[in-house]
Amino acid sequence: MVDPSILLPPTRHRPARTRWPWSVVIAALAVAAVLAGPDLVGRRDEPPLLRASFVGSRAVPDVRLAASAAPVEAPAALVAVVAPAAPAARVGPIDVPTDSYAPEEIVELGTIEIPKLGVRQRLMQGVTLRNIDFGPSQWPGTAMPGQAGNVVIAGHRVTHSRPFRNIDQLVPGDEVVLTVQGEQSTYRVSSSFVVTPDRTDIANPTATPMLTMFACHPPGSARQRYVVRADLVGPPAV
């Protein structure tokens with residue numbers, strides 16, 4: 001008699017599947033969460049320009065991501081008013097960054113008035129457009145208004161409030177009044193001239209107390225700079 005079992009297809013034996021206990025799986029996930037830290041949670045609620053670097057359990061803002069390189073038009077009320085610090089011992093103005101909107105603290109020193117031109121603007125302090133966009137700006141590292149040396153101020157001619165639009169109308173004898181912390185300093189125009197943009201020597205220190213104002217020239221072009229020089233009326237403040 002033929003054994004019927006030989007007529008059946010051979011049985012395929014699959015290898016036994018390894019089954020991990022749930023306790024092992026949960027433990028593995030817990031270890032992964034600890035190693036990854038807060039990167040696995042909380043990202044959705046973070047501000048887009050502020051990413052936190054975590055040290056232990058304390059979140060420390062990463063200020064490198066908080067600074068925007070793009071120009072920001074902030075309302076006038078949001079401009080920080082900062083009391084000017086005592087002039088540092090320098091031999092000249094600070095370097096100008098290649099990025100005209102490089103990160104820079106927005107500082108308001110006081111006011112600048114040019115009676116002949118009907119100009120009365122806030123006086124800023126900074127070397128980038130982050131400050132100059134809000135008003136004529138004193139170049140850090142140059143003399144402070146009323147002090148001995150060369151006070152250098154840059155301003156716009158055709159954008160924003162255009163404070164230096166008619167700076168080329170100033171002639172010897174016209175006055176410029178700078179007010180910082182309630183102290184007025186009056187300067188009287190002595191000369192004006194046109195230079196190329198590379199003439200940074202106009203910001204060099206001077207032995208006598210004077211004011212140097214400059215802006216792009218001609219209006220609407222950056223090919224040249226129009227410079228106005230003025231002498232301090234009265235002795236410099238000590």
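Which residue forms a salt bridge with arginine 188? Glutamate 175 does, with the closest N and O atoms 3.1 Å apart. The model is predicted.

Arginine 188 sits in strand β8 and glutamate 175 in strand β7. The two are 13 residues apart, and their pair links distant parts of the chain. Arginine 188 is partly exposed, because its relative accessibility is 36%. Glutamate 175 is also partly exposed, at 33%.

## Other salt bridges

The whole structure holds 6 salt bridges. Side chains of opposite charge can pair when their charged atoms come close. Arginine 120 and glutamate 113 meet this way, at 3.8 Å from N to O. Arginine 120 counts as exposed, because its relative accessibility is 58% and the cut-off is over 50%. Glutamate 113 is partly exposed, with a relative accessible area of 22%.

Aspartate 201 pairs with arginine 199. Their closest N and O atoms are 2.6 Å apart. Aspartate 201 is partly exposed, at 35% relative accessible area. Arginine 199 is partly exposed too, at 36%.

## The largest nonpolar core

The largest nonpolar core has 26 residues. Seven names stand out for touching the most other members: Ile114, Ile153, Phe164, Leu170, Leu178, Leu211 and Met213. Which elements give two or more residues to this core? They are β3 (107-114), β4 (119-125), β6 (150-154), β7 (175-180), β8 (183-195), β9 (210-217) and β10 (224-232).

## Around leucine 178

Leucine 178 is one of the residues touching the most other core members. What does leucine 178 contact, leaving aside neighbours within four places in sequence? Its partners are Thr111, Ile112, Leu123, Pro145, Val151, Ile153, Glu183, Gln184, Ser185, Tyr187 and Leu211. Two of these partners, Ile153 and Leu211, are also among the core members that touch the most others.

## Confidence along the chain

The mean pLDDT of the protein is 75. Of its residues, 62% reach 70 or more. Strand β7 has the highest mean among the elements, at 98. Strand β1 (residues 52-55) has the lowest, at 24.

Over residues 33-90, pLDDT stays under 50. The model has 51 contacts beyond four places in sequence for these residues. Where pLDDT is low, the predicted coordinates should not be read in detail.

Technical notes. Residues numbered from 1 in each chain as written. Predicted model: local features only at pLDDT ≥ 70, side-chain atom pairs only at ≥ 80, totals over all residues. Heavy atoms only, no water. Core = buried A, V, L, I, M, F, W, Y, C linked by side-chain atoms within 4.5 Å. Buried < 20%, exposed > 50% of the residue type's maximum accessible area, 1.4 Å probe, protein only. Helix = DSSP H or I, 4+ residues; strand = E, 2+ residues; numbered from the N terminus. Contact = heavy atoms within 4.5 Å. pLDDT = per-residue confidence, 0-100. Salt bridge = Lys/Arg side-chain N within 4 Å of Asp/Glu carboxyl O.
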